[in-house]
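Here's a quick tour of one protein model, with the sequence and the 3D view to follow along. Have both open as you read.

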Amino acid sequence: MDTDVPGTVLKRERTRDAVLELIESRSPGDAIPSERALCALLGVSRPTVRAAVDELVAAGLLVREHGRGMFVAPAKITQELVAGDRALSVPQAAGAWSSRLLEFTTLQAGARVGRKLRMSPAAEIVYVARLRLVDGAPMAIEHLHIRAELVPGLSAQELESGDLYEHLRATHGVHVHEAVQAIEPTVVTRAEAGLLDVPELSPALLFERLTSDTTGRPVEYVHSLYRGDRYRIVSRLALGPAAEVAPDLEGHHPGIPPGDFAHGDPIASSTRGDIQAAG
């Protein structure tokens, strides 16, 4: 039996904690000592330091730049979920959000999307792919499927500005009411990695959402891929009664960047481990 294994694991854990302390004492973009310098500073071997650093790089806390060294990674975009009385109240996520249109076309729904939107596979939908950016950095890839009958005249400019739901309400009288959304971990493909500026097979969060209007009619099916190294979800759970607080209608649901649902009807939403309810 290898009795050194527990000690090795503990040493790596302590090394990781020491490097984590260095990260937390610095600002995003600041350099940290090289692996060689960390070995001398912490009195551990190169493989132990490398294992700890690799773990922190994979967690999105450190960034390696070839020929330059290691740096504190940019802060993650945090989205908080707050349990309300009847719905999920969602504060604004950090950063300045913008969009870059990747594709915009009208096509047949097909079997899978048609099933989700409760329409014929031959019926037309508007398909939109857009890259979402925060402070100019790529954060997510969104694929939107919208009933074409609801959005005559929908323009690329409206999609890039993120005012889809406002456009639906003001121009077409479609009042978005409910969003059922699922979140699960995944990894990015080579093509997705190129758009998001991350390595292939990097961790990501997959959002699937079905949006309905006040009559219960499905309006839109969306699946979005968010960078796992830059985006996280925080849940605040109410464990007892509290004073009544007016809902924050300026925020947005995870996977729905600012501009979507921003000024619309309240969202009755549930985060689930599967998409069955949205199918």
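## Val63 and its strand

Let's start with Val63, which is partly exposed, at a relative accessible area of 30% (buried means under 20%, exposed over 50%, partly exposed in between, using a 1.4 Å probe and protein chains only). Val63 sits in strand β2, residues 62–65 (helices are DSSP runs of H or I with at least four residues, strands are runs of E with at least two, and both are numbered from the N terminus).

Its contacts (heavy atoms within 4.5 Å) are Gly69, Met70, Phe71, Ala73 and Pro74, leaving aside residues up to four places away in sequence. Val53 is ten residues from Val63 in sequence, and their C-alpha atoms are 9.5 Å apart.

## What you're looking at

This is a predicted model, where local features need pLDDT of at least 70 and side-chain atom pairs count only at pLDDT 80 or more, while totals for chains, interfaces and linings use all residues. Residues are numbered from 1 along each chain as its sequence is written, and side-chain values use heavy atoms, with hydrogens and water left out.

## Helix α6

Now over to α6, residues 164–172, whose buried residues are Leu164, Tyr165, His167 and Leu168. They share the same side of α6 because they cover an arc of only 160 degrees around the axis (taken from the directions from the helix axis to the C-beta atoms).
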